[in-house]
Amino acid sequence: MASLTTSTAPTSISGRLQKLWKALVEPTRDIANLAERRRIRFLSTLLLVYFAIGAFALIALPLISPESTTQLGSFFALLFVAVPYVISRTRYYQLAAYILILVVAAVSCFVPFFAGSSAPNPNRFSILYFMVFPVLVSSMVLSTRAVIPVILLALGFIASAPILQPQVGNISGPFIMIAAASILLYVFLLHRDGLERDRQVELQNALKEAELANATITNTNAEVSSKNQELARANALIREHARLKSEFLATMSHELRTPLNAIRGFTSIMLEGMGGEVDDEARHMLTRINSNGERLLNLINDVLDIAKIESGRLELVEEPLNMMELSDQWKQQMSVLAERSNLDFEISVAPDFPSLIYGNSQRITQIITNLLSNAFKFTKAGKVKLEISRNPEKWTARVIDTGIGIPPHALNFIFEEFRQVDGSSKREFGGTGLGLAIVRNLCRSMGGSVSVISELEKGSTFTVQLPLRTESVSAIKAP
Ligand code: ADP
């Protein structure tokens, strides 16, 4: 399999240069303060620039003017820049900064000021203007407070210049200019520090807010996870209750069926006159007992089926099925209902339907008869049709009627247990609301599905789809 590899090494020339620059100016790791790191980076950069200028002067000046005597000076300047550069990236960077300031002062002012001092020169004072450079450099590489001694030293040096060099001339110009520039610079530095402080305060506030939000999120997470645990416990409880309910229903249904069968048996015997003469009124009552008993038995059977499916105790043993024979059987079974309701009833099996498929005939019959019973029950006129067809992997049973139809909102719930479109006590049609729930659960248990489309006053079509097995597989256990 092809894989993507990512590399962190910069490939472009500019990327490499950036990396090299970073390696040259980055402070050591023990310095955590961001402002300090920024100052150090700046200081190292400045020192490198001075170093480059010094190196250039050392190499280029003898070539340009061989008689030049500044070579030694350049060499020392280089040395004075190289040493502070080495220490500039450590925590002793302040020392490096002072050395740099001294070098700047020496190169720009001290040395030119004293050089050639033997010749009287009333304009020598103009060199003192260059004293602004050490002040400027100090403002860049030192903290605001540390700039003050540099300013004072610079002004002190200018003030003492007439004593050091009597022929210097009038120093008031450089003194006033350096003093004014220093004051302006210092005010600017104070303003910059104020801005920085405001930014820090804002940052702290934002940090506090973020911490607060973090704490809230942590709390919410803890609540969510405890709610999840509660939910998991509740789910386990619900599952256990459902299992117990199904077990209870299965046992209860079984226990109810035995005495009910006995009641039905005895009423049948009495109706046949085997228990003695029965007058008309008693016969009427016995018939009602029998038919109500039958309804009760059907209900119990439905409840038992649901309970069995839900508790996973329904065994679906596969057997070979001949669809033509099965459909004949359904036709016979359901024709009574069709005749009673005076409806057309038709069953068609697609010609390409396999002559033999595998499935559980009892449960498939239960699905089909439940759907057909409903179709007959909810159709007053017209026709009920069962169409059996196949596609490559499934076979389909479609129960089509021309009945009352189902309103759209009810399509969502009619497959739920005990749910009916008309659930009122005055409803026109009998039934328990379990038939479709059984159909859906049985379909699912067999790896299939059931769906419905319907239009009010036009009719409904229920479609059952089940896996088409033309070879036997072992018994499927309901989930
Ligand atoms: P029931 O015992 O009430 O028939 P079912 O679960 O079989 O219970 O059906 C649930 C409800 O779905 C029915 O009460 C009825 O309202 C609706 N229903 C089912 N089949 C049809 C149909 N063919 N035509 C119209 N309504 C139907």
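Strand 3 (344-349) and strand 5 (residues 383-390) run parallel and are joined by 6 bridges. Helices (H or I, at least four residues) and strands (E, at least two) are DSSP runs, numbered from the N terminus, and two strands pair if DSSP finds at least two bridges between them. Phe 345 has Val 384 of strand 5 as its bridge partner. The structure is a predicted model, in which local features need pLDDT of at least 70 and side-chain atom pairs count only at pLDDT 80 or more, while totals for chains, interfaces and linings use all residues. Residues are numbered from 1 along each chain as its sequence is written, and side-chain values use heavy atoms, with hydrogens and water left out.

The ligand has 19 residues around it, of which Asn 374, Asp 401, Gln 420, Thr 432 and Leu 436 come nearest; a residue counts as near if one of its heavy atoms lies within 4 Å. By class, this shell holds 8 nonpolar, 8 polar and 3 charged residues. Helix 10 (361-377), helix 11 (435-445) and strand 8 (459-467) each supply at least two of the shell residues, and helix 10 gives the most, with 3 residues.

A backbone N or O atom of Val 421 lies 3.1 Å from a ligand oxygen, and a polar backbone atom of Gly 433 is 3.1 Å from a ligand oxygen. For a backbone N or O atom of Gly 435, the distance to a ligand oxygen is 3.3 Å. The ligand on its own has 530 Å² of accessible area, and the protein covers 95% of it (Shrake-Rupley method, 1.4 Å probe).

Most residues other than glycine have a negative phi. Asn 342, although not a glycine, has a positive phi of about 60 degrees. Asn 342 lies in the loop between helix 9 (323-341) and strand 3, and is exposed (over 50% relative accessible area) at 68% relative accessibility. Phe 418 also has a positive phi of about 60 degrees. Phe 418 lies in the loop between strand 6 (394-401) and helix 11, and is exposed, with a relative accessible area of 51%.

Note on methods: A polar contact is a pair of N or O atoms within 3.5 Å; within protein, one must be able to donate a hydrogen and the other to accept it, and residues adjacent in sequence count only if both atoms are side-chain atoms. Ala, Val, Leu, Ile, Met, Phe, Trp, Tyr, Cys and Pro count as nonpolar, Asp, Glu, Lys and Arg as charged, and the others, Gly among them, as polar. Buried means under 20% relative accessible area, exposed over 50%, partly exposed in between (1.4 Å probe, protein chains only).
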